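Here is a short briefing on one protein model. It covers ring pairs first, then strand layout.

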Amino acid sequence: STTISYTLDSPENIRFTVYNLQSQIVYTIEEWREKGEQQVQWNAEGLPAGMYFYRLLAGDRIGSGKLVVGGW
């Protein structure tokens with residue numbers, strides 16, 4: 001599992017989505033979050049090893065990155 005930390009300037013509805021290399025959604029969560037320091041946790045249990053991508057939407061802001069799931 002991994003934790004993505006971020007800060008909100010105001011209360012926002014957020015959407016956190018994880019995609020596999022074929023651009024298929026493997027996880028998504030949409031929640032209302034309060035202003036301030038926040039975290040989203042993602043557990044890759046049951047998914048094959050490989051590279052995944054995430055997108056975090058909060059209002060008009062977008063964050064993204066890569067996630068690597070190991071096979072060991």
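**Aromatic pairs and sheet layout**

The count of aromatic pairs comes to 3, with ring centres within 6.5 Å as the criterion. The model is a predicted one. Ring pairs join F16, Y27 and Y54 into a cluster.

**Aromatic pairs**

- F16 and Y54 have ring centres 5.7 Å apart.
- Their ring planes meet at 40°, so the pair counts as tilted. Stacked pairs need planes under 30 degrees apart, and edge-to-face pairs need over 60.
- F16 sits in strand β2 (residues 12–19), while Y54 sits in strand β5. The pair therefore ties together parts that are 38 residues apart in sequence.
- Are F16 and Y54 buried or exposed? F16 is buried, and Y54 is buried too.

**Sheet**

- Which order do the strands take in the sheet? The order is β3-β2-β5-β6.
- This is an open sheet of 4 strands, and the pairing is antiparallel.
- β3 (25–33) and β6 (61–69) stand at the edges. Each has a single partner strand, so one side of each is left without a neighbour in the sheet.
- From one strand to the next, the twist averages 15°.

**The β5 and β6 pairing**

- Strand β5 covers residues 50–58. It pairs with β6 in the antiparallel sense, over 9 bridges.
- Which residue of β6 stands opposite A58? That residue is R61.

Terms used
Residues are numbered from 1 along each chain as its sequence is written. This is a predicted model: local features need pLDDT of at least 70, side-chain atom pairs count only at pLDDT 80 or more; totals for chains, interfaces and linings use all residues. Side-chain values use heavy atoms; hydrogens and water are left out. Two strands pair if DSSP finds at least two bridges between them. Helices (H or I, at least four residues) and strands (E, at least two) are DSSP runs, numbered from the N terminus. Axes are lines fitted to C-alpha atoms, for helices over the stretch in contact, and angles run from 0 to 180 degrees between N-to-C directions. Rings of Phe, Tyr and Trp (its six-membered ring) pair if their centres lie within 6.5 Å; planes under 30 degrees apart count as stacked, over 60 as edge-to-face and the rest as tilted. Buried means under 20% relative accessible area, exposed over 50%, partly exposed in between (1.4 Å probe, protein chains only).
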